[in-house]
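Visitor: I am new to this structure and would like to learn how to read it, feature by feature. Could you take me through it slowly, giving the general idea before each case?

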Amino acid sequence: DGGGHPEIPLLMRSFLAEMLFNEGKHGEAAQLLEEVLEGQLSTHGDIHEHTLHTRMTLALAHKHADSDDPMQVAAMFREVLEGQITLFGPMHKNTLHTRTLLASHLHDHGENDEAEAHYNAAVDGFVTTLGETHEQTLIPKGSLANLLVNTGRVQEAEEMYREVLEGYVILYGTEHKCTYETQFNLACLLDRNQSDEESMAEAEALFRQVVEGYEMTLGAERRD
């Protein structure tokens, strides 16, 4: 029967692969996604929304399956990023989201210079398109601050944590998980400076706010 649409089996396999991925069956999903990607490359070409979506899910499947070659996963993220820049442009939300994922993966595996460059590009893009105090801006900015801590740039990290904290307070208020988490990160950083009484006092005050905030939040959840 030659009357069937050639994309239907491909679409069905794609749905199955997505379901397996969402169920945490990343190895099985990756095998099926490889087949789907091959079909999409033949049908749609490399620079197509469906092809790029499958490449992204495949990269994430390999990442979550603890790939033996994390740099291969990074290369897959880069392929997606290059395709999205071509298809959507550098400031599109999908492009910026992929930059953030690539930066996080590189940071996890010690490739800090490239990770920092991608975090900065993502933050700049989200600031331009969404503003300073949007959650999508604050998430990679907080991750960039973590990277700065890990690379010993404490002063830069402190300034960035303060900017992120201010953003979350504006966005969500003082009694929100994201606010508490950022206060905790800033307190941990300040606590390193044991010789500075002012830093130690601020760290203690922040730790107290975090503890009291979580106790209040958890107490309210129990009452509900």
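Visitor: Leaving aside its neighbours within four places in sequence, which residues is Thr 182 in contact with?

Guide: Contact means heavy atoms within 4.5 Å, and by that rule Thr 182 touches Tyr 161, Val 164, Leu 165 and Tyr 168 once its neighbours within four places in sequence are set aside. Thr 182 itself has its place in helix α9, where helices are DSSP runs (H or I, at least four residues) and strands are runs of E (at least two), numbered from the N terminus. Please keep in mind that this is a predicted model, in which local features need pLDDT of at least 70 and side-chain atom pairs count only at pLDDT 80 or more, while totals for chains, interfaces and linings use all residues. Residues are numbered from 1 along each chain as its sequence is written, and side-chain values use heavy atoms, with hydrogens and water left out.

Visitor: Is Thr 182 buried or exposed?

Guide: Buried means under 20% relative accessible area, exposed means over 50%, and partly exposed lies in between (1.4 Å probe, protein chains only). Thr 182 has 6% relative accessibility and therefore counts as buried.

Visitor: How many helices and strands does the protein chain have?

Guide: The protein chain has ten helices and zero strands, and its C-alpha trace spans about 80 × 45 × 35 Å along the principal axes. Of its 224 residues, 38% count as buried. Among contacts between residues at least 6 apart in sequence, 48% join residues at least 24 apart.

Visitor: How is a pair of aromatic rings described?

Guide: Such a pair is described by the distance of the centres and the angle of the planes. Rings of Phe, Tyr and Trp (its six-membered ring) pair if their centres lie within 6.5 Å, and planes under 30 degrees apart count as stacked, over 60 as edge-to-face and the rest as tilted. The structure holds three aromatic pairs. One of them joins Tyr 168 and Tyr 172, whose ring centres are 6.0 Å apart with the planes at 15°, so this pair is stacked. Tyr 168 and Tyr 172 are four residues apart in helix α8 (residues 154-172), which means that about one helical turn separates them. Tyr 168 is buried at 6% relative accessibility, whereas Tyr 172 is partly exposed at 31%.

Visitor: Which aromatic pair is tilted?

Guide: Tyr 180 and Tyr 214 form a tilted pair, 5.1 Å centre to centre and with 50° between the planes. This pair links distant parts of the chain, since Tyr 180 is in helix α9 (residues 177-191) and Tyr 214 is in helix α10 (residues 197-223), 34 residues apart. Tyr 180 counts as buried at 3% relative accessibility, while Tyr 214, at 30%, counts as partly exposed.

Visitor: How many salt bridges are there?

Guide: A salt bridge is a side-chain nitrogen of Lys or Arg within 4 Å of a carboxyl oxygen of Asp or Glu, and by this rule the count comes to 13. In one of them Glu 35 meets Arg 13, with the closest N and O atoms 3.4 Å apart. Glu 35 lies in helix α2 (residues 26-43) and Arg 13 in helix α1, so the pair ties together parts that are 22 residues apart in sequence. Another salt bridge joins Asp 46 to Arg 55, the closest N and O atoms being 2.8 Å apart. Asp 46 is partly exposed at 39% relative accessibility, but Arg 55 is buried at 15%. A network of salt bridges links Asp 46, Arg 55 and Glu 79.
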